Amino acid sequence: FFSRNLLDKDTFSKSDPLCVLYTQGVETKQWREFGRTEVIDNTLNPDFSPVDTARYDFLGQAFCTLGEIVGSPASRLEKSLGTVPSHSTVRIPGKKCGSIILSAEELSNCRDSATMQFCANKLDKKDFFGKSDPFMVFYRSNEDGTFTICHKTEVVKNTLNPVWQSITIPVRALCNGDYDRTIKVEVYDWDRDGSHDFIGEFTTSYRELARGQSQFNIYEVSNAFIVTLLSFSVESESTFLDYIKGGTQINFTVAIDFTASNGNPSQSTSLHYMNPYQLNAYAMALRAVGEIIQDYDSDKMFPALGFGAKLPPDGRVSHEFPLNGNIENPYCNGIEGILEAYHQSLKTVQLYGPTNFAPVVNHVARYAAAVQDGSQYFVLLIITDGVISDMAQTKEAIVNGAKLPMSIIIVGVGQAEFDAMVELDGDDIRISSRGKPAERDIVQFVPFRDYMDRTGNHVLSMARLAKDVLAEIPDQFISYMKSRGIKPNPAPPPYTGPGNTHHHTQI
């Protein structure tokens, strides 16, 4: 990272700046030094690289999240430097402290996938009434000397000279980026009862395999049979960050359950109770997820919906109403704007029911259907306390939504049974409607009670929740882009300041 237009603290020359990076602990919220750059002499526009050094004059400070950096155009974030260090009361009135520019870049060796094809000759005959039904199993070696399975090929039936289909394995899975790490390959004869017969094994490495079809990739295995590498290629897979850097926007929508089963908001037993000293479960779930997702949305304007309430003035029941009361413009300014609209809604609507998800799912799906070119992706957060009332309609909405650039996060609050939500999640059995399975998995469900810290540390509870509910979003995002053959747009060129021709330091 680098800075521009810093304060000049030296009398007979320019400043000699360095940069100190702090990270904030989840539990204590205390700032701890993470690392320091080198000192760059006599400049107000330094380009840093990470090196430890000693203490010097304070020139300014800035705060941000990693998401803010990654979510900025070209993953480049410029922040104005403040004038008060966190450990001091020193102020520099009337001074412009300049700015600091931070950029982020993914490590490339974690993104490669290797595609290879093998054949074998003169395998052992293992079947009494036929030949063999061979398949291969690939193992990655671990640092403790053990092996972890990372891929199985298909079974080639009734042959002693199989040619397996091409396989693609992420380099991380194959060798964790260590090109010389041992890779073990075992060959088995498939048996219907699962007691597969061992035929033989050999070892190699990614570096050896990368030589491609050659004398180095012909493996003589026990019992005189031979396994040969027919082809090898490597391709860098596009990642979530590639699309974000290429300009794809994440659109975040929240839908909150206003059904009567939540309890009277004016009573402390209600899940919607507004305790002046701490957030309720709805607000915690919203803040935990929203504060991370919002960094990937440039305008920070989010639609916020409610469902299951009677609305003034006529008391009609709605399952898709704007929290801010504006049907034409349901957008709220940032997470704080959503929380403000949520609090205001609790004062104006009557909690009622039933618990219907389909209207809000279809609401987001309509927007997603209009933009399927990869420029936008939609994330719907549903926070609910109860058993769903429109299961069939919601299943159909999700199956239809699986074709679109969208994901759904469902957070269950309270102590209800959430069996139906687990079914919607589809991790074990892919959700289907009218006999048609969803094209891909787009739903992630978690019960908030599983993440509540026993000591009452709500910051830790929110961090745990956010980590799990957002874990599947990048893979769901990539699955959509791959299924539509959408490649990320090229990222804008790296920023170079006036007079700078060299590239900035990656962090």
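The exercises below work through a predicted model of one protein chain, each with a stepwise solution.

The model is predicted, and local features need pLDDT of at least 70, side-chain atom pairs count only at pLDDT 80 or more, and totals for chains, interfaces and linings use all residues. Residues are numbered from 1 along each chain as its sequence is written, and side-chain values use heavy atoms, with hydrogens and water left out.

**Exercise 1. Confidence and overall make-up**

Task: State the mean pLDDT of the chain, and say how many helices and strands the chain has.

Solution: 
- Step 1. pLDDT is the predictor's confidence in each residue, from 0 to 100. Its mean over the chain is 84, and 87% of the residues reach 70 or more.
- Step 2. For residues 50–55 the pLDDT stays under 50, and the model has 17 contacts (heavy atoms within 4.5 Å) beyond four places in sequence for this stretch. Residues 86–91 also have pLDDT below 50, with 7 contacts beyond near neighbours in sequence.
- Step 3. Helices (H or I, at least four residues) and strands (E, at least two) are DSSP runs, numbered from the N terminus. The chain has 11 helices and 25 strands.
- Step 4. Buried means under 20% relative accessible area, exposed over 50%, and partly exposed in between (1.4 Å probe, protein chains only). Of the 507 residues, 48% count as buried.
- Step 5. Among contacts in the chain with a separation of 6 or more, 69% come from residues 24 or more positions apart.

**Exercise 2. A sheet of 3 strands**

Task: Give the order of the strands in the open sheet of 3 strands, and say which are the edge strands.

Solution: 
- Step 1. Two strands pair if DSSP finds at least two bridges between them. Strands of a sheet pair through backbone hydrogen bonds, either parallel or antiparallel.
- Step 2. The order is β1-β5-β4, with antiparallel pairing. β1 and β4 (76–80) are the edge strands, each pairing on one side only. From one strand to the next the twist averages 25°, where axes are lines fitted to C-alpha atoms, for helices over the stretch in contact, and angles run from 0 to 180 degrees between N-to-C directions.
- Step 3. β4 and β5 (residues 99–103) are joined by 5 bridges. In this pair K79 stands opposite I100, and S80 has S99 as its bridge partner.
- Step 4. β1 and β5 are joined by 3 bridges, and S3 has I100 in β5 as its bridge partner.
- Step 5. In a regular strand the side chains alternate between the two faces of the sheet. In β5, S99, I101 and S103 on one side and I100 and L102 on the other are all buried, so 5 of its 5 residues are buried.

**Exercise 3. The surroundings of S15**

Task: Is S15 buried or exposed, and which backbone oxygen does its side chain reach?

Solution: 
- Step 1. S15 lies in the loop between β1 (2–4) and β2 (20–24).
- Step 2. Its relative accessible area is 2%, so S15 is buried.
- Step 3. The S15 side chain reaches the backbone oxygen of L7 at 2.7 Å.

**Exercise 4. Nonpolar cores**

Solution: 
- Step 1. A nonpolar core is a set of buried Ala, Val, Leu, Ile, Met, Phe, Trp, Tyr and Cys residues joined through side-chain atoms within 4.5 Å.
- Step 2. The largest has 67 residues, and F252, F258, I409 and V411 have the most contacts inside it.
- Step 3. Helix α5 (residues 281–293) gives the most to this core, with 9 residues.
- Step 4. Another core, of 31 residues, lies apart from it and includes V399, L404, M406 and F418.

**Exercise 5. Backbone geometry**

Task: Find where P313 and P354 lie, and which peptide bonds are cis there.

Solution: 
- Step 1. P313 is in the loop between β16 (309–311) and β17 (316–318), and a cis peptide bond with omega about 0° joins P312 to P313.
- Step 2. P354 is in the loop between β20 (350–351) and α7 (358–369). The bond from G353 to P354 is cis, with omega near -5°.
- Step 3. K300, in the loop between α5 and β15 (301–307), is not a glycine but has a positive phi of about 55°. Its relative accessibility is 27%, so K300 counts as partly exposed.

Technical notes:
A polar contact is a pair of N or O atoms within 3.5 Å; within protein, one must be able to donate a hydrogen and the other to accept it, and residues adjacent in sequence count only if both atoms are side-chain atoms.
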